[in-house]
Structure formats: structure tokens, C-alpha cells
There are 4 protein chains.
Amino acid sequence: MARVGIGVIGLGRMGRVYATHTARQIEGADLRVVADPDPTTLDDFSARAPGVRAVADYHDLLTDPRVQAVIIASPTSTHAEVVREAAQAGKAIFCEKPLALTLEATDEAIGAVERAGVPLQVGFMRRFDRGYVEARRKINAGVIGQPVMIRSIGRDPHRTSLEFANPAVSGGLIVDMAIHDFDSLRWLMDDEIERVYAEAASLVYPELASVGDVDTATINVRFARGGLGNVEVSRTAIYGYDIRCEVVGALGTLEIGYLRETPVLLLNRDGVTHDVVPHFPERFGPAYTRQLEHFVECLLHDRVPVVGAADARAALIACLAATRSQHERRVVCLREIEDVMKTN
Amino acid sequence: MARVGIGVIGLGRMGRVYATHTARQIEGADLRVVADPDPTTLDDFSARAPGVRAVADYHDLLTDPRVQAVIIASPTSTHAEVVREAAQAGKAIFCEKPLALTLEATDEAIGAVERAGVPLQVGFMRRFDRGYVEARRKINAGVIGQPVMIRSIGRDPHRTSLEFANPAVSGGLIVDMAIHDFDSLRWLMDDEIERVYAEAASLVYPELASVGDVDTATINVRFARGGLGNVEVSRTAIYGYDIRCEVVGALGTLEIGYLRETPVLLLNRDGVTHDVVPHFPERFGPAYTRQLEHFVECLLHDRVPVVGAADARAALIACLAATRSQHERRVVCLREIEDVMKTN
Amino acid sequence: MARVGIGVIGLGRMGRVYATHTARQIEGADLRVVADPDPTTLDDFSARAPGVRAVADYHDLLTDPRVQAVIIASPTSTHAEVVREAAQAGKAIFCEKPLALTLEATDEAIGAVERAGVPLQVGFMRRFDRGYVEARRKINAGVIGQPVMIRSIGRDPHRTSLEFANPAVSGGLIVDMAIHDFDSLRWLMDDEIERVYAEAASLVYPELASVGDVDTATINVRFARGGLGNVEVSRTAIYGYDIRCEVVGALGTLEIGYLRETPVLLLNRDGVTHDVVPHFPERFGPAYTRQLEHFVECLLHDRVPVVGAADARAALIACLAATRSQHERRVVCLREIEDVMKTN
Amino acid sequence: MARVGIGVIGLGRMGRVYATHTARQIEGADLRVVADPDPTTLDDFSARAPGVRAVADYHDLLTDPRVQAVIIASPTSTHAEVVREAAQAGKAIFCEKPLALTLEATDEAIGAVERAGVPLQVGFMRRFDRGYVEARRKINAGVIGQPVMIRSIGRDPHRTSLEFANPAVSGGLIVDMAIHDFDSLRWLMDDEIERVYAEAASLVYPELASVGDVDTATINVRFARGGLGNVEVSRTAIYGYDIRCEVVGALGTLEIGYLRETPVLLLNRDGVTHDVVPHFPERFGPAYTRQLEHFVECLLHDRVPVVGAADARAALIACLAATRSQHERRVVCLREIEDVMKTN
């Protein structure tokens with residue numbers, strides 16, 4: 001493939017980010033079609049990207065022969081369906097996380113991708129963040145010896161809407177947020193999660209309880225080879241977007257993360273103060289671009305993307321197990337989630 | 001009481017620290033007698049503190065009428081017995097943590113103290129550390145709103161001896177170390193722990209498994225009023241002594257802790273480097289002094305020490321529940337530990 | 001102007017950066033022509049930017065009617081000449097710093113620009129760095145009260161070549177490096193520099209003395225309204241690229257700068273370590289892009305760039321005064337530099 | 001000498017600190033006499049130190065045979081006179097900085113000390129601060145190679161009284177404050193200062209100008225072996241007490257200093273905030289104790305204190321040269337200050 005023709009499905013917040021990056025910055029990629037059911041959104045985008053075809057129905061995008069690859073940034077609930085159709089249309093697929101909210105739907109989508117033999121990359125952008133990449137490189141180089149314990153913290157600066165918080169829409173706090181942390185755990189420990197125990201509650205936003213969601217969770221993790229982990233996710237960090245990860249090894253420890261937005265310290269009667277990264281676009285902006293560069297590079301050079309179907313599936317299973325643990329107040333082995341699948 | 005005559009029982013590492021502090025720095029306190037069964041230790045101390053009576057048998061200290069208060073720094077396994085005898089001798093008591101390794105022995109010691117009506121303070125020195133004190137002050141002042149989540153990390157720089165690691169001697173990792181963290185959790189959240197779930201393993205020092213101990217544990221916590229917590233304790237921090245605590249509130253978050261020992265940064269080809277606090281005397285030295293100052297001040301002004309029998313008991317119960325959870329791989333309610341007591 | 005046709009003169013390190021940014025990322029700008037006398041450089045660039053005209057002689061670029069604006073990134077010694085010719089050709093001009101190594105040549109270039117009535121922006125990219133911009137915003141908002149003292153440190157990670165170090169080529173350490181610091185001083189203090197005193201020496205690289213240059217300088221500054229300043233520049237920071245600025249005000253102090261490259265801390269037996277920004281592309285990459293965006297935006301909306309001829313001239317005068325102070329071991333008033341001009 | 005009998009002259013702020021430390025914490029030292037002309041101060045002290053003789057006239061202290069060593073903490077203007085008398089009385093002398101405000105008086109005092117053959121230590125407590133000590137150790141160990149440039153910043157949190165600011169009383173800002181920095185420069189660079197150039201002004205507190213003082217100064221320094229330095233002193237740091245030092249070497253750079261008072265970070269809507277060391281007792285408390293320990297240890301073991309007459313003299317000369325530079329707006333060689341002495 002000399003150049004990759006790209007179609008972006010969904011022009012919400014993430015979709016616009018991807019469409020803009022694709023159009024401008026990714027070497028070897030051409031944005032050719034965008035799809036969004038909202039006419040205003042579509043018109044706004046077209047005004048700023050005159051050469052790009054804009055369609056209301058993404059099926060028109062899927063049938064456009066100039067599109068070799070699709071970036072799926074439509075609502076979560078539609079991911080699995082769109083992935084299936086894109087696979088059947090023979091398109092290479094980049095899909096925002098999660099593929100689906102249930103393991104069943106995830107497996108159906110993955111099945112379609114495998115049958116079609118098309119490439120699939122999932123949007124775990126932390127794997128392309130300089131901090132996570134450098135930490136992984138150091139771990140692989142033996143700098144901290146055998147990693148034995150990992151802590152991952154993900155805190156959002158504000159509550160989601162109650163509509164989105166509804167577990168039927170977002171999967172609930174753990175599925176929506178901790179899926180990134182579980183992916184980091186697997187990737188940095190190079191191990192599989194065996195069992196989890198989650199404590200969760202609505203502590204700052206009691207209204208979340210009314211839709212069945214929580215605002216804080218702490219999840220204990222045991223890995224297959226015996227290592228330990230803990231994941232904290234919350235929506236209560238009113239000070240900013242706070243993403244940290246720490247890997248303890250036999251020879252040393254790595255801490256990933258930073259809070260400061262601008263490199264300015266103010267020293268006055270109130271003490272020493274600096275600002276905080278407000279949200280994920282500021283924290284992971286370059287990582288969003290780099291994951292698309294990786295996707296396009298894989299297509300151009302016929303390589304397999306480093307974050308694929310198996311990763312999406314494994315992180316979702318951990319989320320589902322943790323969510324069950326949260327509700328049933330007991331330790332849940334991930335095998336239990338898979339076994340249910342087999343039984344059904 | 002115009003001045004307080006002090007006796008120190010046990011001249012091990014902590015005992016010598018206390019004896020030195022008492023002799024020199026605590027306003028209103030006079031070190032009058034020290035007791036230690038080891039003749040060399042006793043002679044060494046006497047050489048540097050000529051006016052202080054030195055006895056091999058602590059019973060001789062307990063019968064010395066010039067001693068109004070004892071500082072118990074003998075081996076953990078003897079604490080309960082010595083507390084009982086000191087109480088019966090009518091002495092005010094400062095006892096290193098823990099009072100005992102079992103709830104039964106703890107309750108017996110506490111019973112003796114209550115019957116004798118003598119003051120008792122337990123060595124939770126973090127309550128006198130400037131960081132913890134300032135954090136608690138800020139929480140009480142409403143600076144972070146309602147605290148909802150707390151994380152406490154305690155990492156030791158090296159493995160203990162296998163003799164000490166033996167749960168029969170030290171209580172095991174969780175009892176030996178996390179007792180400080182559980183006390184911090186209760187104090188800073190101003191709440192009681194309801195249930196715990198611990199994952200623990202011997203990951204860096206497999207030889208610990210041979211004596212029944214572990215080197216790393218992560219413990220999920222739920223409080224009575226619904227708040228969440230997590231405690232991590234380990235002996236694997238080869239880089240130094242790493243004690244941190246973080247309290248998340250509805251209006252902000254507090255982080256307590258520091259790693260740097262000397263205020264020097266080195267910038268060279270290896271990057272930017274600073275050293276790390278090596279162990280607890282460097283980190284909590286002033287807090288050890290301040291807790292004794294508080295103890296003496298309480299005696300002089302007839303006040304009740306802020307860290308007493310109930311705190312020692314509650315932190316131990318959390319440790320016992322977490323240790324049981326570790327072994328039985330299930331969530332354990334603290335009530336369960338107390339109920340066993342009642343049944344016996 | 002609907003869109004701006006851009007020509008880049010000189011495809012050295014900075015020129016390639018500008019050409020790449022222009023081609024890809026600047027809204028409203030089209031890279032149309034590049035010029036470089038080296039055939040290999042030209043071929044390399046063409047291979048990656050097929051639609052862009054590539055010429056060996058920049059005069060061919062200046063006569064191309066599709067070019068409305070030029071970015072001058074040729075060797076410093078050619079800047080003044082190219083600026084003059086570009087002005088005469090009626091092109092809008094973005095020129096890397098400095099415009100020239102002498103005040104005379106600078107004034108000739110500025111004169112040509114003024115006679116031609118074309119826009120001119122000079123490459124003081126720190127004015128577009130988030131740290132400097134935020135500090136300036138806070139100062140203007142009164143956050144630190146009246147600024148009274150400013151310190152600016154600029155340290156390069158390694159020696160330049162002896163060819164470049166030659167003051168006839170680069171102007172010497174102070175002209176080459178401190179020109180950025182003097183611009184920051186003027187901008188953040190909103191004041192003019194009145195007099196300077198520089199101490200400078202070849203301390204790490206004695207070979208620099210053989211070509212008449214130094215590797216370290218510390219320059220005391222007095223401002224017209226009485227404020228004080230200090231500038232340190234050096235090429236001895238083998239640990240990385242270290243750019244800091246501190247503004248002390250009556251109500252508080254601001255520190256600008258950061259050293260960490262990746263957000264990863266390593267904690268091991270050697271202490272706590274992080275890496276360091278290696279050089280200016282990593283530190284000021286986004287600022288290089290933003291200054292071009294500003295330039296293009298000014299052209300599109302017929303506005304005057306915020307960093308123009310007067311700023312280039314004032315910073316150079318401070319450099320020349322400091323260099324004279326360095327050589328004559330005395331305090332030099334900036335008026336002295338200007339007076340020489342008038343006499344000549 | 002088995003134990004050292006100590007007399008403290010002057011019970012102002014520093015005198016009380018020294019008297020308290022001596023009485024309680026210095027091994028081998030006994031506080032025997034204190035002297036202060038103010039009856040209330042004397043009574044207050046006596047009430048808390050019943051066994052210590054208290055005299056109004058320090059001459060009575062000097063004739064007390066139980067006093068082997070005096071700590072001089074009387075007003076600066078009396079130092080030289082008291083040093084002379086103490087030397088004549090055969091007492092070992094610890095004197096707060098500076099020995100005197102003029103080189104003449106300094107030399108007279110030093111002459112008396114030398115004739116009497118008594119030990120003399122001067123209160124440059126930074127030499128006993130863990131940060132400075134560790135930095136010096138690293139420099140001597142070659143960690144940063146040859147040190148070539150040093151920056152020392154000393155900022156006080158508030159204006160002194162106008163009475164004290166009067167140069168006739170305190171020597172002015174540079175003599176009062178920068179004397180510590182010049183001592184650090186000499187000690188850490190292991191070199192002598194050759195010439196200085198100072199810019200100084202009253203920028204935040206214009207009322208200081210009315211008594212002939214300033215609130216901010218920046219001083220360029222050249223060392224005898226060619227190294228460079230810069231000293232900034234000010235009284236405008238309303239955020240706290242800010243003492244920093246940075247030594248640049250051929251193989252790396254060392255930064256000494258810290259700002260945080262309590263190890264607590266607050267993260268809320270205003271960003272991330274920590275407090276600041278308020279003033280010198282908090283920053284250098286342990287160093288004040290350690291320098292007295294060193295003094296007493298030298299007396300007990302018949303060793304020469306590491307900070308003596310020559311250091312006091314050299315730092316004062318640098319201050320006098322910088323003050324002259326400030327007033328005459330020219331570079332001043334330190335030799336000039338000494339030559340004036342010889343001429344007189």
C-alpha cells in the first residue's frame with residue numbers, strides 16, 4: 001500500500017481529534033471520508049476540510065473504495081456492530097476502546113475481524129505515551145529487575161453525565177475507566193490477571209447511585225505468576241486529570257506520571273503552586289497521534305498492530321470480573337467470566 | 001507532678017533512642033533507671049549516662065519509687081506482660097507498638113491498665129509527624145471537604161531476619177508494618193474500618209515463605225461510613241524507606257510524604273538524581289521525640305494521651321483481619337475477629 | 001490573503017524543522033518553494049515533499065510569485081543580506097535570530113524592511129513557549145505585583161564547533177545565546193536594559209579561548225526603571241538543555257522551566273533519578289510551531305507580529321554591550337553602543 | 001579538657017537558641033553563665049534554667065573561672081570589642097558573624113585572639129548544613145569534576161527594621177546577608193574571590209533608601225583561578241526563606257536547597273500547593289546545633305575549628321568590595337580593600 005485512504009466514523013470529541021490528526025499529521029495517510037449522523041457537525045467539519053467527503057450514514061463510507069481503513073469513534077454501544085460491518089467490507093480497523101460492553105459482543109466482533117482477515121488496532125493510547133513506553137523499555141532492559149507489584153491510578157476531573165454513567169451505556173466506572181489501567185497492568189507486568197477484588201462506592205456524587213454507578217473504586221489484583229497489583233479509578237479529582245502508574249521491581253521502582261500543565265511555579269504568601277493537566281487531550285494528545293501513526297505504519301508495511309483483539313478482550317474481562325466483585329463483595333477469578341461465556 | 005521520673009525497659013535500638021531523648025531533650029522529664037538483660041548494653045549506656053541507675057532485671061526498675069513512668073521498648077513478645085506488671089506497679093506507661101500479637105493478650109494488658117487506672121500511650125509516632133499532623137489539621141479545617149478515599153504505603157528498605165519474620169515472633173508482615181497504616185487510616189478518615197481484603201505474596205524474598213511470611217501485601221479497605229482505602233506494605237524498597245499517604249476528599253486531595261534525604265540534586269550524564277531517606281530513624285526521628293514530649297506533658301498536666309488503648313486495639317484488629325484475609329483469600333469483616341474473641 | 005504561500009530559505013536543522021511544520025501543520029499556509037545550495041539536502045527534502053519546488057539559488061525563490069512570505073533559516077552571516085533582498089522583493093519575512101551580528105548590518109536590514117513596508121517577525125520562540133506565555137500573563141494580571149528582579153539561565157549541553165564559536169561567525173557566546181535571555185528580560189520586565197556587566201571565561205573548554213570565545217558568562221543587568229537582572233549562559237551543561245527564568249515581584253515570584261524529558265522516575269540503590277531534556281527541539285518544539293502559526297495568522301489577518309525589528313535590535317544591543325563589558329572588564333551602558341553607531 | 005564550661009553573652013534571638021542548645025544537647029558542654037543587660041530577658045531565662053548563673057554585665061561572665069568558652073551573640077556592633085576582651089580573658093570564642101563591620105576592627109579582634117592564642121570559631125552555620133556538607137563532599141570526591149561556576153541565592157522573607165538596615169548598624173544588605181554567600185562561594189569553589197561587581201537597589205521597600213540601604217542586590221564574582229560566580233541577596237521573598245546554591249562543574253552540576261516546610265501537598269482547584277520554610281531557624285536549626293557541637297568537640301580534643309578568623313576576614317572583604325562596587329558603579333578588586341588597610 002503506497003498511501004492509506006482513511007474514513008473516520010463519528011465526529012464526536014475523539015472523532016474530531018482523529019480526523020484532524022489524520023488529515024494533517026500522519027505520514028502516508030489521507031483522510032478521504034468522514035461520517036456523522038448530525039448535519040451541523042458534518043457541515044462544521046466540511047467547512048474546515050473542503051476536500052473530504054462527508055456522509056451522514058457510515059455505510060456510505062464503508063462502500064467507498066477510496067477508503068482502505070476506518071477509525072471508529074462512534075458511541076461505545078455501536079462499536080461492535082460497526083467493527084463487524086467494517087470487517088465485512090474488508091477495511092482495516094482502528095477502534096476506540098472498548099470494542100463492546102459485553103464479552104459476547106466483543107467475541108462476535110473479533111470473530112468477524114478474524115474471518116475477514118483485516119488488521120484491528122484498539123485505542124489503548126497509553127501504550128504510545130512517552131512515559132509508559134520508556135517505563136516498559138526500562139523494565140525490559142532489566143533496570144528494575146523482576147517487576148512484582150504494580151499500582152495504577154486513573155482519576156477524572158469530573159462526573160460524567162448520568163446518562164453516560166448508566167452501566168448499560170458506559171459499562172459503569174470500572175469498564176469505562178479501569179480498562180486502560182488493566183491494559184497497563186498486563187503490558188507492564190507482562191503477565192495475565194488471575195483474580196480481582198473491588199471495593200467501590202458513590203462517595204462524592206451520590207446521584208450516581210441512582211443510575212447504578214459509583215465514583216470511586218479500588219481493585220486488588222493477583223497475577224498468574226503471583227505478582228500483585230492495585231487499580232484505583234475515580235471521577236472525584238476536581239484538581240485535574242491524574243494518571244499515575246508505579247511498578248515495583250526487585251531492583252528498583254518506576255513511577256510514571258506528571259501533574260504539571262505549564263512549566264511555571266508561583267511562590268507567594270500561599271506557598272508554592274503549580275497548575276494541573278486539565279484532562280486527557282492535554283495529557284495524552286501526542287499519544288493519540290502516535291497510535292494512529294503506528295496503525296498507518298502497520299498498514300503501509302504489512303505489520304500487525306501491537307494492540308489488538310486479544311488485548312481488548314483481556315482488559316474487558318478484568319473489568320467485568322472487577323465489576324462483578326464490586327457487586328457481589330467477593331473475590332472473582334477471571335476464569336469465572338470466561339466460563340460463563342462457554343456455558344452460554 | 002512537678003517532674004516525671006522515667007524508666008526505660010529495653011535498650012535495643014528504639015530503647016536507646018528513647019533513653020537518649022528522655023535524658024537530654026524532654027522538658028520536665030528525668031531519666032532515672034534503665035533496664036536491659038544484656039550486661040554489655042547496660043555498661044555501654046551507663047558509661048555515657050553516669051547518673052542513671054542501670055538494672056538487668058526490669059522488675060527492679062518497676063519497684064524504684066523514683067520512677068513514675070515507664071517506656072517499654074523490650075521485644076514485642078514481652079510487651080503485654082511488661083505492660084501488665086507496670087500497670088500493677090502503678091506506673092504510667094508508654095509502650096512501643098504493638099501491645100501484643102493477639103487480641104486476647106492485648107485485651108488482658110488493656111484490662112490491667114484500666115484496673116490500675118494508669119495512663120497508657122502507644123507508639124504510633126506518625127501521629128506526631130509534621131506531615132501527618134498538618135494533613136489532619138487541614139482535613140479538620142475542611143480544606144479538602146469530606147475525605148472519601150485514603151491510600152497508605154509503607155515500604156521498608158530490606159528484609160527482616162527470618163527469625164523476626166516468623167509470624168509467631170513479629171505477627172507477620174501485615175501485623176508488623178500495616179499496624180501503622182491502619183492507625184493512619186482511622187485517624188485521618190476519622191472512621192472505623194469495616195472490612196478488608198488482602199492479597200500478599202513472597203515475591204522478592206521467596207525464603208520468607210519458608211517461615212510463613214510474605215514481602216508484599218495490598219489490602220483493600222471499606223470504612224463504616226462507606227469510604228474506601230488501600231494499604232500497601234512491603235519490604236522490597238531497596239531504594240530506601242518510603243512512607244506515603246494520600247487522602248482524597250470531595251474538594252481536594254492531600255499527599256503526605258517525602259523521599260529526599262539531603263537537599264542536594266546532582267545533574268549529570270545519568271540525569272537528575274537525589275538520595276532517599278534510608279530508614280525510619282531519619283524519617284521519623286523528630287516524631288519519636290514529640291510523642292514522648294506529649295506523653296510527659298500529659299503526665300505533668302494530668303491529661304489523657306491522644307493515642308491510647310482503643311487505638312492500639314483497633315489497629316491490631318484490622319491487621320488480624322487482613323492477615324486472615326491473606327490466608328483465606330476472602331473478604332474479612334473486622335467484626336468477625338471480635339466475635340471470635342467473644343465466643344472464646 | 002486567503003492562504004499564504006511560503007518559501008523556506010536554508011534547509012539546515014532549523015530550516016528543515018520550519019519546512020516540515022509549514023508543510024504539514026500551519027493552518028492557512030502552503031509550503032511552495034524551498035532553497036538550499038546543497039544538492040543532497042535539496043534532493044532529500046524533495047523526495048519527502050513531492051509537490052514543493054526546490055531551488056539551489058534562493059533568488060529563484062524570491063522571484064517566484066506564488067511565494068508571499070519567506071522563512072529565513074540560512075547561516076547567520078547571510079541573514080541581513082537575505083532580509084534586504086526579500087524585503088525588496090516584497091515578501092513578508094520571518095527571520096531566525098539574530099538579524100545580523102552587528103548593529104550596523106541590523107539597522108540596514110531593518111531599514112530595507114521599513115522602506116518596503118513588509119511584515120517582519122524575528123525567531124524569539126520563547127515568547128511562544130507555554131511557560132513564558134503563562135508567566136507573562138500572570139505578571140500582567142498582577143499576580144506577583146511589580147516585577148523587580150529577573151534571572152535568566154540558558155545552558156547548552158555541549159560545545160559548538162570551533163568554526164562556529166569564532167565570534168566573527170556566531171558573534172561569540174553572548175551574542176549567540178544570551179540574545180534569547182535579553183529578549184526574555186525585556187519582555188517579562190516590560191522595561192529596557194540600561195547597563196550591563198559581564199564576567200566570562202573558557203573554563204571547561206579552554207580550546208574556545210584560541211578562537212576568542214568563552215564557555216560561560218554571568219551578566220549583571222540594570223533596567224531603566226531601576227529593576228535588576230542577571231543572565232547566565234554557558235555551553236557546559238553536559239546533563240542536558242537547561243533553560244530557566246525567574247521573575248521576583250513585590251508580591252511573589254515566578255519560576256519558568258523544567259528539566260524532565262519523560263515523565264518517569266527511577267528509584268533504585270542510586271537514589272531517585274529522572275532524565276533531562278536533551279536539547280532545544282525537545283524543549284521548544286511546540287514554540288517553534290506556534291511562532292510560525294502567529295506569523296501566518298498575522299499575514300492572513302493583516303496584523304503586526306508581536307516580535308519585530310525593534311525587539312531584534314534591542315536584544316542585540318544588550319549582547320554587544322555585554323560582550324564589550326566582557327572584554328573591557330567594566331560596566332557598559334547600552335547607550336554607548338548606540339552612540340558609537342551615531343558617530344560612525 | 002573533660003567538659004567545657006560555657007558562657008553565653010547576649011540573650012537575643014540567636015543567644016537564646018545557643019543557650020538552649022548548649023544547656024541541653026551538646027555532649028560535653030555545660031552552660032554555666034549567661035549575660036544580658038536586660039533584666040526581664042535575664043529573669044525569663046533564669047526561670048527556665050535554674051542552675052545557670054545570670055549576670056547583667058558580661059564582664060562578670062568573663063571573670064568567672066568556671067567558664068572556659070564564650071558564645072558571643074550580642075549586637076553586631078559590639079562583637080569586636082567583646083571578642084578582644086574574651087581573648088584577653090583567655091576564653092575560647094565562638095562568635096556570631098560578622099566579627100565586625102570594618103576590616104580594621106576585624107583585624108584588631110583577630111590580632112587579640114592570635115596574641116591570646118585562644119581558639120576562635122565564626123558562625124557560618126551553612127558549613128554544617130547537611131545540604132552544603134554533602135555538596136562539598138561530592139565536589140571533593142570529583143563527582144562534578146572541576147567546579148567552574150557557582151550561584152548563591154539568599155532571600156529573606158521580610159524587611160528588617162530601618163534601625164537595623166542602617167549601614168552603620170548592620171553594614172547594609174550585602175554585609176549583613178551576602179557574607180554567608182561569599183563564605184559558601186569560597187568554601188565550595190575552594191578558591192579566593194578576586195573581583196566583584198554589584199548592582200543593588202531599593203525596589204520593594206523604597207523607605208530603605210532613606211537610611212542608605214537596599215533590598216536587592218546581584219553581585220558578579222570572578223575567582224582567582226578564573227571561575228565565575230553570582231550572588232543574589234534580597235529581603236523581598238514574601239513567600240518564605242529561600243536559600244539556594246548551585247555549583248556547575250565540568251562533569252555535572254549540584255543544586256543545594258529546598259523550600260518545602262511540611263511534607264504535605266494540597267491538590268485542589270487552585271492547583272498543587274505546598275508551604276515554604278518560613279525563616280532561618282526552621283531552615284538551619286540543626287546546623288546551628290552542629291556548629292556548636294563542632295566548637296565544643298574542637299575544645300575537648302584540642303583541634304582547630306574549621307571556620308576561623310581567616311574565613312571571617314575573607315568573607316567580609318568580599319562584602320566590603322561589593323558594597324563599594326554598589327556605590328561606585330564599577331568593578332572592585334578585593335585587593336583594593338586590603339590595600340586601603342595597608343595605607344592607613
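Trainee: Looking at the contacts in chain A with a separation of 6 or more, what share comes from residues 24 or more positions apart?

Mentor: That share is 69%. Keep in mind that this is a predicted model.

Trainee: OK. How many helices and strands are there in chain A?

Mentor: Chain A has 13 helices and 15 strands.

Trainee: And what does the radius of gyration of chain A say about a compact globule?

Mentor: A compact globule of 344 residues would come out near 20 Å, and chain A has 20 Å, so the two agree. The C-alpha trace spans about 60 × 50 × 50 Å along the principal axes of chain A, and 57% of the chain's residues count as buried.

Trainee: Switching to chain B: where does H9(B) bend?

Mentor: At Ala178(B), by about 55 degrees.

Trainee: Then what end-to-end distance does helix H9 of chain B have, against the span it should have?

Mentor: Its 18 residues, 172-189, should span 26 Å at 1.5 Å a residue, and the end C-alpha atoms are 25 Å apart, so that agrees.

Trainee: How many of the residues of H9(B) are buried?

Mentor: 18 of the 18, so H9(B) is largely enclosed by the rest of the structure. Just after that helix, Asp190(B) takes a positive phi of about 50 degrees.

Trainee: What about Leu299(B), buried or exposed?

Mentor: Buried: Leu299(B) has 22 other C-beta atoms within 10 Å, and the cut-off for buried is 20 or more. Leu299(B) sits in helix H11 of chain B, residues 280-300. Its C-alpha atom is separated by 34 Å from that of Pro278(B), 21 residues apart along the chain.

Trainee: On to the interfaces. How many residues of chain A are in contact with chain B?

Mentor: 29 residues of chain A, in contact with 29 of chain B. On the chain A side, the elements giving two or more residues are strands S7 (147-155), S8 (193-201), S9 (216-223), S10 (228-234) and S12 (252-256). By class, that side has 14 nonpolar, 10 polar and five charged residues.

Trainee: And which elements of chain A give two or more residues to the side that touches chain C?

Mentor: There, 24 residues of chain A are in contact with 24 of chain C. The elements are helix H6 (130-140), S12 and strand S13 (264-268) of chain A. The classes on that side are 12 nonpolar, seven polar and five charged.

Trainee: In which sense do S12(A) and strand S13 of chain C pair?

Mentor: Antiparallel, over five bridges. Within that pairing, Ile256(A) has Val264(C) as its bridge partner in S13(C).

Notes. Residues are numbered from 1 along each chain as its sequence is written. Chains are lettered from A and ligands numbered from 1 in the order in which they are written. This is a predicted model: local features need pLDDT of at least 70, side-chain atom pairs count only at pLDDT 80 or more; totals for chains, interfaces and linings use all residues. Helices (H or I, at least four residues) and strands (E, at least two) are DSSP runs, numbered from the N terminus. The radius of gyration is taken over C-alpha atoms; the globule rule is 2.2 Å times the number of residues to the power 0.38. A residue is buried if 20 or more other C-beta atoms lie within 10 Å of its own, exposed if 12 or fewer, and partly exposed in between; C-beta atoms are placed from the backbone. Two residues are in contact if their C-beta atoms, placed from the backbone, lie within 7 Å. The expected span of a helix is 1.5 Å times one less than its number of residues. The bend at a residue is the angle between axes fitted to the seven residues ending there and the seven starting there. Ala, Val, Leu, Ile, Met, Phe, Trp, Tyr, Cys and Pro count as nonpolar, Asp, Glu, Lys and Arg as charged, and the others, Gly among them, as polar. Two strands pair if DSSP finds at least two bridges between them.
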